[in-house]
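Dear colleague,

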Amino acid sequence: MNRHSSNPPIEQGIRLSLSAGQREAQQCFRAIVAEEVSPHAGQWDRQGEVPLAMIERLRELGWLGAIVPPELGGGGLDALTYGLLTEEIGRGCSSLRSLLTVHDMVTLALLRWASAEVKATVVPSLGSGRRLAALALSEPNVGSDAVAVETLALRDGEEIVLEGRKKWITFGEIADELLVLARLDDQPTAFLVAGETPGLTRRPLRSVVGTRASRLAEIHLEGCRIPLSRQVGRVGGGVSHVFTTALDHGRYSVAWGAVGIAQACLDACLAYAGQRRQGGALLIDHQLIRRTLTEMIAATRAARLLCLRAGWLRAERDPGALAETMVAKYFASRTAVSVANDAVQLHGANGLCEDYPVERYLRDAKVTEIIEGSTEIQQITIPRLPLDEI
């Protein structure tokens with residue numbers, strides 16, 4: 001059988017190769033990122049924001065909402081091709097990758113749980129990228145324990161009134177729609193709030209360690225009134241249903257983005273070791289350096305294979321996809337931190353300055369261990385999941 005056929009063989013749930021179309025898409029993603037993203041990522045990091053012109057470029061490319069069905073304005077990418085896109089963007093700029101992550105987390109959650117009115121009026125504008133979405137979950141006093149959310153929602157006739165604060169909201173500074181978790185009747189419930197709603201204000205957050213260009217914001221909700229139709233899912237289903245759907249996609253996107261960081265570190269180290277001399281020889285001619293590079297190569301490839309497995313299972317709508325996605329995110333994020341740490345060490349003092357990108361890769365890698373389920377939360381969750389043998 002031709003290993004590059006459009007329908008590669010399946011064996012025990014694992015596809016043995018990418019299709020020709022997927023490889024072509026991967027090369028296209030890689031070329032665009034190498035030309036339009038990677039050369040500018042350091043500047044965006046120092047400035048603390050992804051330029052609006054770059055976000056408009058994502059719209060033109062169809063990369064915002066790329067996984068949304070075409071009939072709803074999206075690009076209709078399969079799960080695996082979407083993962084390849086996320087890896088390449090993460091390889092160039094983790095802050096830009098985070099925009100795709102949160103935008104599509106919200107969009108997919110709405111596709112599954114929103115009212116017919118929201119699906120008809122809001123989702124197409126998100127699928128096409130005309131409007132940007134952000135996930136408003138974390139609060140000043142609430143992180144991983146989402147059910148302890150403090151933001152309040154009160155019914156007032158055919159409206160919901162929201163009061164509270166959200167913090168560390170990725171692209172919250174410019175989002176047009178925010179998926180907010182609040183307590184209604186003392187139960188965690190999800191609501192979609194338009195960015196222009198009276199009573200919603202934003203405070204940009206700067207000087208963070210990683211993904212500095214992701215336009216983080218603190219969101220203040222003071223008497224925000226929204227139509228009851230913008231409640232997403234049932235009362236009490238905000239965490240168990242709506243945000244679980246969003247976070248599952250977020251873990252998948254972050255896992256691929258972490259592989260992108262690891263690959264970027266490896267690329268940088270191979271180039272550096274091939275031109276830097278130490279003790280009269282190139283770094284790559286030293287056995288210790290080669291051993292370090294070997295560990296980086298093996299770990300990066302292993303993380304990518306876990307992401308590929310998760311992607312194939314998601315494409316097949318296999319019920320085990322959720323568990324495999326969590327494993328992939330856990331391993332890939334830890335790999336990104338480990339590989340980035342080795343990359344900085346290999347660069348020596350140069351690895352600590354902004355003239356070399358590995359210091360940014362290390363800062364961005366650490367973020368992947370915290371968002372969409374911290375490493376510690378996953379360590380106590382994964383052993384209880386129904387994991388199948390490969």
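How do the residues of the lining of the second largest pocket divide into nonpolar, polar and charged? There are 14 nonpolar, 6 polar and 6 charged (Ala, Val, Leu, Ile, Met, Phe, Trp, Tyr, Cys and Pro count as nonpolar, Asp, Glu, Lys and Arg as charged, the others, Gly among them, as polar). A pocket here is an open set of points on a 1 Å grid over the protein atoms alone, where a 1.4 Å probe fits, with protein on both sides within 12 Å along at least five of seven lines; lining residues have an atom within 4 Å of a point.

This is a predicted model: local features need pLDDT of at least 70, side-chain atom pairs pLDDT 80 or more, while totals for chains, interfaces and linings use all residues. Residues are numbered from 1 along each chain as its sequence is written, and side-chain values use heavy atoms, without hydrogens or water.

Nearest the centre of the second largest pocket lie I67, L108, D248, R314 and R317. The charged end of R314 also sits over the ring of Y252, 4.7 Å from its centre (CZ of Arg or NZ of Lys within 6 Å of the ring centre and within 35 degrees of the ring normal).

The largest pocket is lined by 40 residues, of which 20 are nonpolar, 14 polar and 6 charged.

The rings of Y272 and Y356 have centres 5.7 Å apart and planes at 90 degrees, so this pair is edge-to-face (centres within 6.5 Å, planes over 60 degrees apart). Y272 is buried at 5% relative accessible area, whereas Y356 is partly exposed at 26% (buried is under 20%, exposed over 50%, partly exposed in between, with a 1.4 Å probe and protein chains only).

With kind regards

Definitions and conventions. Rings of Phe, Tyr and Trp (its six-membered ring) pair if their centres lie within 6.5 Å; planes under 30 degrees apart count as stacked, over 60 as edge-to-face and the rest as tilted.
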